[in-house]
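Subject: Structure handover

Hello,

Here is the structure you are taking over. My notes on what was found follow below it.

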Amino acid sequence: MKKTIIDLFEASVKSYPQNTFLLEKSNGKFQPTTYKEVQEQVYRLGAGLQALGVRKGDTMALLSEGRNLWIIGELAMFYAGAVNVPLSIKLEESNDLYFRLEHGDVKFVFVSNYQLKKVRAVKDKLPKLEKVIVFGKCGDLQEGEIHVDEVFKMGDEFLASHTME
């Protein structure tokens, strides 16, 4: 039987629940996040994506620098049943980024606050794009944008009213 990324992640959580999985610098110091903590965040965010309308087979994209939410976001996509359209922060919005989002039929995009302007520059030309989910601090959100913290809250509400199988 072939193993998926989800299978491998779940096996790692089972084997190493209290081991550090991710490190991220905060206030000048690297802060550890365990496998179990990441799993909990992935479940919450994946449920939030489902509450937001992500369905099995939907295409999503992730445009961000390396950070914990990059890993958590991609795993959450998989748990929600979505397919990730790979992107690089080096893509220019005027051609490559627009092309990949359009031809990938992307419905939802995770984006860091640092890359948000690139998505904003092309989002009006992407009729299939339903939501832009923003990581990090940013100013006012525009129509069709939602902060990742809101998606986590939606996930909490979803999990409280649905049973896990």
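I start with a residue in a strand. Leaving aside neighbours within four places in sequence, Thr33 is in contact with Asn19, Thr20, Phe21, Leu22, Val38, Gln41 and Asn68. Thr33 belongs to strand β2, residues 29-34. Its relative accessibility is 11%, and because buried means under 20%, Thr33 counts as buried. Please keep in mind throughout that this is a predicted model.

The axes of α2 and α3 lie 8 Å apart, and the two helices pack at an angle of about 55°. They are therefore oblique to each other. The crossing of α2 past α3 is right-handed.

Ile5, Ile6, Phe9 and Glu10 of α1 make the contact with Leu75, Phe78 and Tyr79 of α3.

Helix α2 in turn packs against helix α6, residues 148-161. The axes of α2 and α6 come within 6 Å and cross at roughly 90°. That makes α2 roughly perpendicular to α6. From α2, the residues involved are Gln41, Tyr43, Arg44, Leu45, Ala47, Gly48, Leu49, Gln50, Ala51 and Leu52. They meet Val148, Val151, Phe152, Met154, Gly155, Asp156, Phe158 and Leu159 in α6.

Aromatic rings and a charge

How many aromatic pairs does the structure hold? There are 5 of them. For Tyr43 and Tyr79, the ring centres are 5.6 Å apart and the planes are at 65°; angles over 60 degrees count as edge-to-face, so this pair is edge-to-face. The pair links distant parts of the chain, with Tyr43 in helix α2 (residues 35-52) and Tyr79 in helix α3 (residues 68-80), 36 residues apart. Tyr43 is partly exposed at 25% relative accessibility, and Tyr79 is partly exposed at 23%.

Elsewhere, the charged end of Lys125 sits over the ring of Tyr98, 4.8 Å from its centre. Tyr98 can also be placed relative to Ala121: the two are 23 residues apart in sequence, and their C-alpha atoms are 9.0 Å apart in space. Ala121 is found in helix α5, residues 116-122, and is partly exposed at 47% relative accessibility.

A residue in β5

Is Val109 buried or exposed? Val109 is buried, with a relative accessible area of 0%. It lies in strand β5, residues 106-112. Not counting residues up to four places away in sequence, Val109 touches Ala61, Leu101, Val119, Leu129, Lys131, Val132 and Ile133. Its C-alpha atom is separated by 14 Å from that of Ile72, which is 37 residues away along the chain.

Positive phi values

Asn27 has phi near 55°, a positive value in a residue other than glycine. Asn27 sits in the loop between β1 (20-26) and β2, and counts as exposed at 80% relative accessibility. Asp105 has phi near 50°, again positive in a residue other than glycine. Asp105 is in the loop between α4 (93-103) and β5, and is partly exposed, with a relative accessible area of 35%.

Regards

Technical notes
Residues numbered from 1 in each chain as written. Predicted model: local features only at pLDDT ≥ 70, side-chain atom pairs only at ≥ 80, totals over all residues. Heavy atoms only, no water. Helix = DSSP H or I, 4+ residues; strand = E, 2+ residues; numbered from the N terminus. Buried < 20%, exposed > 50% of the residue type's maximum accessible area, 1.4 Å probe, protein only. Contact = heavy atoms within 4.5 Å. Phe/Tyr/Trp six-rings, centres within 6.5 Å; stacked < 30°, edge-to-face > 60°. Lys NZ or Arg CZ within 6 Å of the ring centre and 35° of its normal. Axes fitted to C-alpha atoms, helices over the stretch in contact; angles between N-to-C directions. Parallel < 35°, antiparallel > 145°, perpendicular 65-115°, else oblique. Left-handed = near helix turned anticlockwise from the far one by under 90°.
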